[in-house]
Amino acid sequence: MALLKLENDKKNAIVDKNSLEVISCSLEDLFLSNEKAILDSGIFGQITIPEYQRPYVWQEKQIDRLLNDIIEHQEIDIEKPMYYLGSMIIHKDGDKLNIIDGQQRLTTMLLFNSFYDNPIDSKISYESPLSVENIKKNHSYLKKLRDEDSDFFTAFITNKPDFTTINVTLVITNSEDLAYTFFETQNTGGVRLSGVDIIKSHHLRAIRPKKKIAEQATKWESFSSYKIKRTIELLIKIRYWNNNNWKTFPFWRDVKGLKETVIEEFSEKTIHQDIDISHYFYATKTEEDNIVPFLESEYRHIRQPLYDGNNFMDYVHEYAELYGILFEKNNHPHISDSFYDFRNSLLHGDDGTVFLKELFEISLITYVSRFGFVMLFEASLWIYRYLYSLRVSVKRNITEKGVVDFAKKSKLIDKILQSYTIKELLEWLIKFKYSFDPNYTDDWNSKGKHVICLKKYFGSFTSARDMSEKNKFDKLLVHLINLKIENDGK
């Protein structure tokens, strides 16, 4: 079978020539493809942005870069070639030309075009609320440049680059899977696809029925990008840090490794079937001589198998909501004010505890997935004592590796998930023993600052230096936790 080699800016790909077409055309030809076939190709259809595509996310930096590039090209005096906007990947679906890669550049060019006297009407519509918001924001930015008579923008508008002089290479395929094989390996004109972008598009296009795509996409976008990214990273660690099959998770500096791990766990390893099966923790109790089921937690089992599409999307949305309830909001009806006071006072990540804070978040999400919000305040205090023992039991600094090693050795995540009752878990936490390390306990060192923070919350403790006597620190901490539970946890 004949093969065609496609040149990309940074890599080559080998594909079956019968599965795609590669054509070169002007930007005007592409924008008007709904009115007439692209010259010499027979390609005809309306350009569309699929609902499962990531939103339009370009900001001023990317806009400025493209403007500068076009302006520099316009200043070429003799035998000026067409300006090359790059390659774009298109999935031809009947009379639709779905833009798989190229939305950011095309949308930005349409924004430029809106300032011309006779702009092209491409009839492209945008359903994503975030895309609409960013389009309005960038249009305002360009309008500001124009109104301020910016040399930068004036030079562009004055020359009004004709879209017939702007060239694009179109990689067109009837196979959605092949289109996304390219899409997931492209650098999209300055905003590289994150692992989160890739798994989102993977699962949205797997959704059946198709009418649910918009609903799931809108819900995903209702969360901040930070919350989704944070939730996904915590969920992966809970799944990886399983002592029955422990897998090493990349450290925070390994950006490439983090991206690859997200893609592997949440797209490559999800079950590629249109099935929506969720698992929950149940228990039974006896009422009037009858054994009846009751639900201990409304949350899906955190390590359950995940299926493509709705199953995965609902799983992430549920835990993103839980992340907000536990670590951002202050008003959930099933959570006491005592918990919020504790969280706001002690879970700051300062003084060398940022990695411990993350492990605490992981542990608390795991706890709620197992037991719901029952005894959340009490459990939080004892989990805090257990984890933050590392802050005072090491000589000086807490490293990311040290926290990961502690998580592996302690088996806390597994213990939470495997406990039958809250009482069983708390008894295990309370029995935990450790020793206070007396080094670097001055008030200006991280260990000393940690003790000062405890003093503000519990209303006791002397300086860290005075706590160095063996077991004195933890005896006092246990006593104060019990007082908090007795007085505040009622």
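Leaving out neighbours within four places in sequence, Ile232 is in contact (heavy atoms within 4.5 Å) with Val196, Ile199, Trp220, Val262, Phe266 and Val316. This is a predicted model, where local features need pLDDT of at least 70, side-chain atom pairs count only at pLDDT 80 or more, and totals for chains, interfaces and linings use all residues. Residues are numbered from 1 along each chain as its sequence is written, and side-chain values use heavy atoms, with hydrogens and water left out.

**Exercise 1.** Find which residues have the most contacts inside the largest nonpolar core.

*Solution.* Start with the term: such a core is a set of buried (under 20% relative accessible area, 1.4 Å probe, protein chains only) Ala, Val, Leu, Ile, Met, Phe, Trp, Tyr and Cys residues joined through side-chain atoms within 4.5 Å. The largest one has 99 residues, and Ile232, Trp241, Leu326, Phe342 and Ile365 have the most contacts inside it. Next, look at helix 14 (residues 376-393; a helix is a DSSP run of H or I, at least four residues), which gives this core its largest share, 12 residues. Finally, another core of 40 residues lies apart from it, with Trp58, Ile63, Met109 and Phe112 among them.

Terms used. Buried < 20%, exposed > 50% of the residue type's maximum accessible area, 1.4 Å probe, protein only. Helix = DSSP H or I, 4+ residues; strand = E, 2+ residues; numbered from the N terminus.
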